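Subject: Model for you to look at

Hi,

Here is the structure I promised to pass on. Please open it next to this message and follow along.

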Amino acid sequence: MRTVNLTLPLYPFMPVGNVWAWDSPFQLTPVTTHERQGVATHQMSFHSEAGTRLMLGACYDDDAPRIHELDYGTLVNRETVVIDIPKQAGEEIEPDDIDRAVAKDPDYRDGDAVLLRTGWGDDERYRAIGDEYATTSPHFSLAGAKRLAEVMTERGSDLMLTDCAYIGNLGEGFMFPEWASRKPWDRPPFPSQQARIYMRHYTPARGAGGGAPDWGSSVVLHLAMSPVAAVANCGALRGKRVRVTVLPLFLAGAEGAPCTVLAVDGDEAGDAR
Amino acid sequence: MTLRTINLTRPITTESPAGSLFPWEAPYRTEEIATLTYNGANLFHITMGSGSATRLLGPALGSPTGATTDRLPPERLVNRAAVVVDCPAGPGGEISADQVTAALAGADLRTGDAVVLVTGWGDDPARFTTEEFYLDSPYLSVEAARALAEALDRNSSDLLLTDCVYLDRPGGEHARTEWTELRPWLRPAFPSDAAKTYIAHYRPEKVRQDWAATLALTASTWTVAGLVGCGALTGRRVRLTLAPLPVQGVGEVPCTVVAQVSTDAGAPAEPVFSSGDQT
């Protein structure tokens with residue numbers, strides 16, 4: 001057996017959490033330093049869904065469980081099936097992909113967590129292409145999301161991991177053309193005044209809240225399962241079946257949080273306990 | 001074998017004084033970016049200190065050439081064999097080298113084990129929002145820290161965890177008297193100008209005293225401080241999984257920690273911070 005870290009590193013202005021109007025980039029401010037004090041401590045600032053993150057129905061439903069209310073027993077050493085759906089920049093995961101690769105996968109067992117591997121998270125692409133890692137990520141079409149929700153619900157699966165940086169429709173109706181497509185200096189991130197003003201105008205009537213066309217597939221997936229987006233390095237997994245641990249930053253009351261994802265891969269991984 | 005999963009992580013909440021008591025800390029603060037009512041989704045902005053929660057401390061905390069927390073190999077984060085070592089201590093209690101040595105001698109310590117040093121301090125969630133929980137935490141004397149580091153090294157153990165909120169006496173001698181004992185309005189938390197000014201005058205000679213146990217331990221041993229709910233670890237041997245926040249290039253990060261305990265070992269029906277049903 002071997003253990004593989006599937007988590008995006010958090011470093012200043014890393015792309016996932018740095019492009020949308022609601023993003024606040026990950027940043028580190030030194031508080032004490034080796035040079036002046038002899039110890040290095042930091043203040044961090046970031047978005048509640050920065051990097052690899054565990055997302056919950058509570059993002060769209062105030063009655064859904066939050067980070068501190070989860071059953072952590074279901075997030076440790078979780079039996080997981082790894083399913084390949086290769087995708088390139090900007091491509092969508094469609095119902096045909098789900099029918100072909102997920103519904104008919106002979107290794108998929110009832111109750112499994114499902115790891116959908118597109119290849120996007122491999123080879124440290126996030127460092128190579130920067131913000132485009134977020135804005136051109138493969139993602140789910142609305143129909144693809146609905147089909148995945150159907151299949152996973154039928155199989156009793158409530159946890160889905162993917163190396164897509166985002167699972168929604170990349171703000172294609174409003175937030176991409178109006179905000180994320182602009183030069184970075186023309187869209188200073190939250191808490192800038194520009195971002196605050198944009199968010200005041202970003203209402204459900206204009207694509208917010210998961211309404212089509214911006215994030216419709218995101219809502220479908222959030223309400224059917226707990227998605228974990230922006231996992232990385234999945235190409236290092238050799239087996240079809242692994243045991244995955246997904247542990248979020250333990251933010252009381254949060255509707256989602258950055259998380260660490262670790263997979264145990266190997267001969268015994270698929271038949272634990 | 002049936003396992004129960006126990007969350008040993010202190011909840012990170014804006015209701016807590018964690019991160020606001022010492023000048024090098026920063027409290028957990030949030031600001032809404034999008035709300036379900038207005039924008040149809042809940043999203044928020046976070047600021048927090050690297051040391052204001054249950055956290056992983058590594059060699060890079062005290063050394064620019066030391067290993068950063070992202071260098072801890074993943075196989076040493078998951079399903080770690082660990083031994084629970086009882087070392088009871090009350091408010092303000094300094095743990096001596098003799099206490100540590102005796103506690104380890106009575107434990108079922110096996111080669112390579114992670115060691116969970118349990119004082120009992122983190123077992124009452126009602127206290128997590130009080131300043132006393134942070135200021136009166138038991139702590140390690142520098143001799144105890146050295147003894148622990150040496151004992152773990154002899155045992156090929158690279159990981160210590162404890163429910164002490166801080167490894168040293170909270171604030172040490174200098175920061176505690178010069179900063180924390182001021183009225184709260186005279187010591188606003190980082191990034192206040194007051195905190196930055198204090199830090200500018202908090203020089204290595206003071207830090208070496210205030211952080212002596214921390215530096216002695218973390219130079220050679222990965223250390224998790226601020227566990228809670230360890231009273232639920234009735235079994236002497238547990239499996240631990242650590243999930244440090246994946247920040248690149250730092251010596252200290254918040255860390256989620258869970259234990260898996262065999263119910264055969266007497267895990268209670270409703271342990272403190274137990275999360276979930278049998279798995």
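Below is what I found in it, taken topic by topic. Bear in mind that this is a predicted model.

Where the chains meet

Start with the two chains. On chain B, 62 residues are in contact with 60 residues of chain A. Several elements of chain B each supply at least two residues to that side: strands β1 (3-7), β2 (29-34), β3 (43-49), β11 (237-244) and β12 (252-262), plus helices α1 (36-39) and α7 (204-210). Which of them gives the most? It is β3(B), with seven residues. By type, the side of chain B that touches chain A has 34 nonpolar, 21 polar and seven charged residues.

The core

In soluble globular proteins, nonpolar side chains tend to be buried together. Here the largest nonpolar core has 185 residues. V116(B) and L233(B) have the most contacts inside that core. Take L233(B) and set aside its neighbours within four places in sequence. L233(B) is then in contact with I6(B), V84(B), V116(B), V118(B), V238(B), A259(B) and V261(B).

Two packed helices are described by the angle between their axes and the distance between the axes.

First, α4(A) against α1(A) (residues 95-103). Their axes come within 8 Å and cross at roughly 30 degrees. Angles under 35 degrees count as roughly parallel, so α1(A) and α4(A) are roughly parallel to each other. The crossing of α1(A) past α4(A) is right-handed. From α1(A), the contact uses P95(A), D97(A), I98(A), D99(A), V102(A) and A103(A). From α4(A), it uses A143(A), G144(A), R147(A), L148(A) and V151(A). These residues of the α1(A) and α4(A) contact divide into seven nonpolar, one polar and three charged.

Next, α4(A) against α7(A). These two pack at an angle of about 10 degrees, with their axes 8 Å apart. That makes α4(A) roughly parallel to α7(A) as well. On the α4(A) side are L142(A), G144(A), A145(A), K146(A), A149(A), M152(A) and T153(A). They meet G216(A), S217(A), V220(A), L221(A) and A224(A) in α7(A).

G216(A) lies in helix α7 (residues 216-224) of chain A. Is G216(A) buried or exposed? It has 22 C-beta neighbours inside 10 Å, so G216(A) counts as buried. Leaving aside neighbours within four places in sequence, G216(A) is in contact with L142(A), N169(A), G210(A) and G211(A). The C-alpha atoms of G216(A) and K146(A) are separated by 9.9 Å, although the two are 70 residues apart along the chain.

G120(B) sits in the loop between β7 (114-118) and α3 (131-135) of chain B. G120(B) counts as partly exposed because it has 15 C-beta neighbours inside 10 Å. Not counting residues up to four places away in sequence, G120(B) touches P88(B) and G231(B). From G120(B) to D98(B) is 18 Å, C-alpha to C-alpha, and 22 residues in sequence.

D193(B) is in helix α6 (residues 193-201) of chain B. With 9 other C-beta atoms within 10 Å, D193(B) is exposed. D193(B) and T221(B) are 28 residues apart in sequence and 34 Å apart in space, C-alpha to C-alpha.

Best wishes

Note on methods:
Residues numbered from 1 in each chain as written. Chains lettered and ligands numbered in written order. Predicted model: local features only at pLDDT ≥ 70, side-chain atom pairs only at ≥ 80, totals over all residues. Core = buried A, V, L, I, M, F, W, Y, C linked by C-beta atoms within 7 Å. Buried ≥ 20, exposed ≤ 12 C-beta atoms within 10 Å, placed from the backbone. Contact = placed C-beta atoms within 7 Å. Axes fitted to C-alpha atoms, helices over the stretch in contact; angles between N-to-C directions. Helix = DSSP H or I, 4+ residues; strand = E, 2+ residues; numbered from the N terminus. Parallel < 35°, antiparallel > 145°, perpendicular 65-115°, else oblique. Left-handed = near helix turned anticlockwise from the far one by under 90°. Nonpolar A, V, L, I, M, F, W, Y, C, P; charged D, E, K, R; others polar.
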